[in-house]
Amino acid sequence: MPKNFVSNKDETVRMFENDFMEFFSRVHPSVPVILYLPFVFYFLYTSSVNHSIQWLTIIGLFLSGLFSWTFVEYILHRFIFHFEAKSEFGKKIHFIFHGVHHDYPSDSRRLVMPPSVSIPLAIIFFFLFQYTIGDRMVFPFFSGFLIGYLFYDISHYAIHHFNMHSKLWLAIKNHHMLHHYHDSNKGFGVSSPIWDLIFTTTFYKKNK
């Protein structure tokens, strides 16, 4: 399937007439790390000190949260970011959320999720997990979930702007590049292809 993209240069298109909204539609790739990493440390600290959770339990919940992110990443990318809207308004919303990335995949300021989107999502997921697993256990679990998200954002930026040398990173990069330039209806996992394998949306040799 041919991919209809506009540019592979580190450039973009203006999305909003309003300068304020346009400014917040772009974000430096370091912003998510600066914003969320302190919360990860605080949640791990409060899990051990304030809630007296054993470290083996913390590690188990942390890894569970990390793994949960890979599933959320897949679901968001496949069903939200690639939702095929029929109305003109819906198409504009899709372009703002994800279409612009497919048209300008090397735009370094639109490769990580802007806080205007990630913060509301983080709050929603925190309270959802709190309701599901409880007030104490949510902290180590959500720490892992946030690390999964940060790994997704960092790896997404690296895939588009860094030269990969290890076989593992080259495999992750090639998987995402096929999503961009071969078939955008496959390869929805960015930081991990595991759910593409499970739901048969991965790229097999005959697809490449």
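Reader: Why does Glu22 count as buried?

Author: The relative accessibility of Glu22 is 5%, and buried means under 20% relative accessible area, exposed over 50% and partly exposed in between, with a 1.4 Å probe and protein chains only. Glu22 therefore counts as buried. This is a predicted model, in which local features need pLDDT of at least 70 and side-chain atom pairs count only at pLDDT 80 or more, while totals for chains, interfaces and linings use all residues. Residues are numbered from 1 along each chain as its sequence is written, and side-chain values use heavy atoms, with hydrogens and water left out.

Reader: Why does Arg26 count as partly exposed?

Author: Arg26 has 37% relative accessibility, and therefore counts as partly exposed.

Reader: What makes the contact of Arg26 and Glu22 a salt bridge?

Author: A salt bridge is a side-chain nitrogen of Lys or Arg within 4 Å of a carboxyl oxygen of Asp or Glu. For the side chains of Arg26 and Glu22 the N to O distance is 3.0 Å, so the pair meets this definition.

Reader: What does the salt bridge of Glu22 and Arg110 tie together?

Author: The side chains of Glu22 and Arg110 also meet at 3.0 Å, N to O. Glu22 lies in helix α1 (residues 19-24) and Arg110 in the loop between α4 and α5, so the pair ties together parts 88 residues apart in sequence. Helices (H or I, at least four residues) are DSSP runs, numbered from the N terminus.

Reader: How is Lys186 paired, and why does Lys186 count as partly exposed?

Author: Lys186 forms a salt bridge with Asp183 at 3.4 Å, N to O. Lys186 counts as partly exposed because its relative accessibility is 23%, whereas Asp183, at 10%, counts as buried.

Reader: Why are α4 and α7 called roughly perpendicular?

Author: Helix α4 (residues 88-103) and α7 pack at an angle of about 95°, with their axes 10 Å apart. Axes are lines fitted to C-alpha atoms, for helices over the stretch in contact, and angles run from 0 to 180 degrees between N-to-C directions. Angles under 35 degrees count as roughly parallel, over 145 as roughly antiparallel, 65 to 115 as roughly perpendicular and the rest as oblique. The two helices are therefore roughly perpendicular to each other.
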